[in-house]
Amino acid sequence: MKLSRRSLMKSGAAAALTAALPMPFVKSVAAADEIVMASLYDLSGAFQEVGKQMNDTLTLAVEDINASGGLIGKKIKVVTYDLQSNLQVSAQYAQQAALRDKVAVVHGGISSASREVMRPILDKYKTLYFYDTPYEGGVCDRNTFCVSTTPSQTVAKLISHACKTWGKKGYILAADYNYGQITSDWVKKFAHDEGGEILGTEFFPFDVTNFGSTLAKIQAAAPDWVVTVLVGGTPLAFYRQFAAAGLNKKIHVCSTTFGSGNEQAVLTSSESDGIVVCYNYMETIDNAQNADFLKRFHKRFGDNYPPLSELPMSSYQGVQMWAAAVRKAGSADRMKVIQALEGGISLEMPSGKFAMDGITHHCTMDVHLAEYKDKVPKIIETFAQQPPSDTAAVCNLTKNPNDNQQYVIKVN
Amino acid sequence: MAYATIVGIEVVYAIATLILVSLGLAIIFGMMRVINLAHGEFLVMGGYAATIAVHHGVNVWIAILIVPPIAVGLIGLVVERAVIRFLYGRMVETMLASWGLSLLIVGLLTTIFGSSTEGVPMPLSGFTIGAYQASGYNVFVIAFSLLTLGAVYVLLRFTRLGLLARGTMQNAAMAAALGVDTTKVYAVTFALGAALAGLAGGVLAPVAGIVPTSGGSYIGQAFITVLGGGAAALTGVTSAALLFGSVGQAATFATNPVFGSVALLLAAVVLIRILPNGITGRYFKGWL
Amino acid sequence: MKIAGIRLDLIVPGVCGLALLFGLPIFLDLFSLLQVTLYAIMAILALSLAFIWGYGGILCLGHSAFFGLGAYAYAIAVINIGESTAPFLIAILVPTLAAAAVGYFMFYGRISDVYVGVMTLTLALILFNVVNSTSGAQYHIGKAPIGGYNGLPNVPGLNVPFDPDNSLDPGDMYYLCMGLLIVVYFGLRWLLTTRFGRVAVAIRENEKRVEFIGYDSRLHKLATFTIGGGLAGLAGCLFVNWGAYVSPTTFSMMQSAQVIIWVLVGGVGTLFGPMIGAVALSWLTVEVGSQQLIDANLLFGAILLVFVLLVPRGIMPVLIDRVWGRISLPRRPVFTAPPVAAREGKR
């Protein structure tokens, strides 16, 4: 009894080796000619689909770098852990990446919740962190770089388009968590800036599938347009029921999330036509980098891959941004890389020009307004070089390098 | 007035879906005293069956009404033979085993289909009441739920199969002594319950997106409806669905869907406290 | 289980526990120590359900309700108060009171076994739904926003009692959690030898008979359930300290399911088994995530199914029987069906 308890309790590397489970990713500290990077995405559970895509684009970025001779003479080695859409597991892997694998950088976290679990851990154990997902904005932390979009970059353009072309009256449907709450506050602000008004706002938990009462409420309010800030499986049910009630012929729809869950592939084109979105990236962007990227990506992962959205592109661009900083610093050392990034780095990426803003640790980038037609987002307008002005209003890491929190940005 | 009609349709629709979703569970629980926590996953499998059929070019109505009950009914038969039959009479163990089964099915579905949302196109368009648009499919779901309820009643009340099933459930030893093959009856009844779950999954497929984990959002409500209803499968489910559905929808319209579901759950807790054996434990005794 | 007059069943776990408590920090690196701390916390949670289910015979399907209440109570209290002594006590008090209230409602209402499962499950579902939908800024308790789906990140950790500047480091947390695990384990062992403990076990065996003898079964069940709820709350409080966050998933069905699986795999009606179950399966969860071949749900579903069907008594009783051939603690003859006649009579 004593023996069995001890061996189980230890459960460290020794026990792991004897375990019957297959272990494709060998855990060990880097060899001298390697830089270790951790990929911490949700490869199972609620965020599985997008997590896999993000891990794939990260893999492509790393393989490309390694194939072209590596980074400062070293190969990048990736350790991959599945966060299982589970916060406790996220915390454990963040600890493992920082303490056991001693990685140079962690890329990952999809939900804001998992980011806020991992971020303090990676701060505490001094491990550089890249968060590659569009989110509600406000993270201000010298150890963390947020390389995707925030509401001031995309939502502003979306709502301004809605108010100008469809009318002044809007209605918000949002997922009931802080991304949904904060984004809908921004929607209200941007609508007011354009002289519009929001007739109603409703929040939904992730598992609601019956939107009957909501459709009735929307019709009673009679808005010109509806903006959806929905995530998970719910949006699909909503677009379906909205179209089934014939409302898509009368009320316009725009969305801050449509397409990132590949919704257009499941909906018929009559259900999804006319939905307007605004993202940093969609596959229909026409430039040389994007054409080249798509060619390489499909060669590596097959031609039947679902269309890539802003999220997987962010993790690709995030890895490239980190790699550029390592080259610039001539070292993968945490502080040197941070300083290189804070000095400003600008890259030509598939989404367009992509630049690090050293003051906020967020990125300045192009955003594209597009309308779905036959399941494909057709770009209407491109807005060049949008700064992360929401986070910039509250965060200045040059002045306050020790700042470390997520601000709730006052919207008014 | 038009708005009131729309609200009315929504309330009735909520009750009808509650009946549809719970009916299979109620048959299995009411007749066999087995609580099948994999019921939600049976529904989801029905949804996937419909999706696959549509992808293979099967007519939408056949894909949602015929394919799912057959597919899931067969799966139910396998489950009964492989797992459930060892656990008859042991309620807690069946609950735990079927919980394990539910996790297992979620895992299998995820491995096979991935976790992206699947769906079936909506076969009916909307119609207009006054200034409002309503979903034609919702009206179909209401009618179809009543039809299913009626069909199950006829099956259990007026056919030889129904008689054997009811007899076996009431006193298996006596039925066996009279020459009934009770093993077969148990298996068929469980398969019937599973088929009804599959049917519900198929019917709801055009309305809701299907992911491997969506069973979780049905099981809680179905579970509570069935236990709130009590032992008499059909009357119990109908009465509990009427009560919970209207309470839930009233709260949803007054506030939002979250408080709607909380109101539904609270109503269930209070009901179980007042009527520990469910509605049919006190009223409608001896009904089917 | 005496050899030469020595109580092996007390000494073996005692020595093991102390050896682990003082030995592991010497041998393990920081990462492993953090892991073992988590396992100790989960073992406390497993003990709380092992007590009320395995010994009290009360199947609580929504045990996460008390775990989550403890976690949230600590997080909200510590954000408001700052010094962690009172929040620590509040985190145990709140779930204890909740368990007492729910237990009174159930046991004094004479609700049958299965419905007790349903009630507790419903309670956990309600708490999950409510907490999960409080992400708006209008939902806050004092200075602490409840945070909805995201929960509360950056929760301050425990400090040395009444000394807010002296907060516990990971090493201290390990000693605290492992120490508390040992205390809880032996505390429950002791409790089961008292008159109260013996009546509780007797109720599990035959409630009617115990009532005829003159004991109030409702009161005993209520007390058992309340103690279990309080211990689950303690585990919740420690869990927040381990991860510095709390989220609605502490109330989730999956959390409840996990605890049930731990207890079932370890052995219903033992205390040692569920601890092993908790450690082994928590470790397995992490291992599953570092490979991409087997889906986590698939694995745990299969484990649960296999144990219910093939090893219904759990690992521990089977092992003990093999090793010693007999056992010392009063154990339930697990998973015996009630006689057919009794079942039919209940309809």
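The centres of domain 1 and domain 2 of chain A, taken over C-alpha atoms, are separated by 29 Å. Domain 1 of chain A covers residues 24–149 + 286–366 + 386–401, and domain 2 covers residues 152–279; these bounds come from an automatic or database domain assignment. To the contact between them, domain 1 of chain A gives 17 residues and domain 2 of chain A gives 14 residues, where two residues are in contact if their C-beta atoms, placed from the backbone, lie within 7 Å. On the side of domain 1 of chain A that touches domain 2, at least two residues are supplied by each of α3 (48–67), α13 (310–329) and α15 (389–392). The residues of that side comprise seven nonpolar, six polar and four charged. Here Ala, Val, Leu, Ile, Met, Phe, Trp, Tyr, Cys and Pro count as nonpolar, Asp, Glu, Lys and Arg as charged, and the others, Gly among them, as polar.

The model is predicted: local features need pLDDT of at least 70 and side-chain atom pairs count only at pLDDT 80 or more, while totals for chains, interfaces and linings use all residues. Residues are numbered from 1 along each chain as its sequence is written, and chains are lettered from A and ligands numbered from 1 in the order in which they are written.

Chain A contains 15 helices and 16 strands, which are DSSP runs numbered from the N terminus (helices: H or I, at least four residues; strands: E, at least two). The radius of gyration of chain A is 22 Å, close to the 22 Å given by the globule rule for 412 residues, so the chain is as compact as a globular protein of that length. The radius is taken over C-alpha atoms, and the rule is 2.2 Å times the number of residues to the power 0.38. Of the 412 residues of chain A, 59% count as buried (20 or more other C-beta atoms within 10 Å of the residue's own, with C-beta atoms placed from the backbone).

An open sheet of five strands in chain A has the order β2-β1-β3-β4-β6, with parallel pairing; two strands pair if DSSP finds at least two bridges between them. Strands β2 (75–82) and β6 (144–146) of chain A stand at the edges, each with a single partner strand, so one side of each lacks a neighbour in the sheet. Eight bridges link β1 (residues 34–41) of chain A to β2(A) in the parallel sense, and Leu40(A) stands opposite Tyr81(A) of β2(A).

Strands β12(A) and β13(A) form a hairpin with two residues between them.

Terms used: A residue is buried if 20 or more other C-beta atoms lie within 10 Å of its own, exposed if 12 or fewer, and partly exposed in between; C-beta atoms are placed from the backbone.
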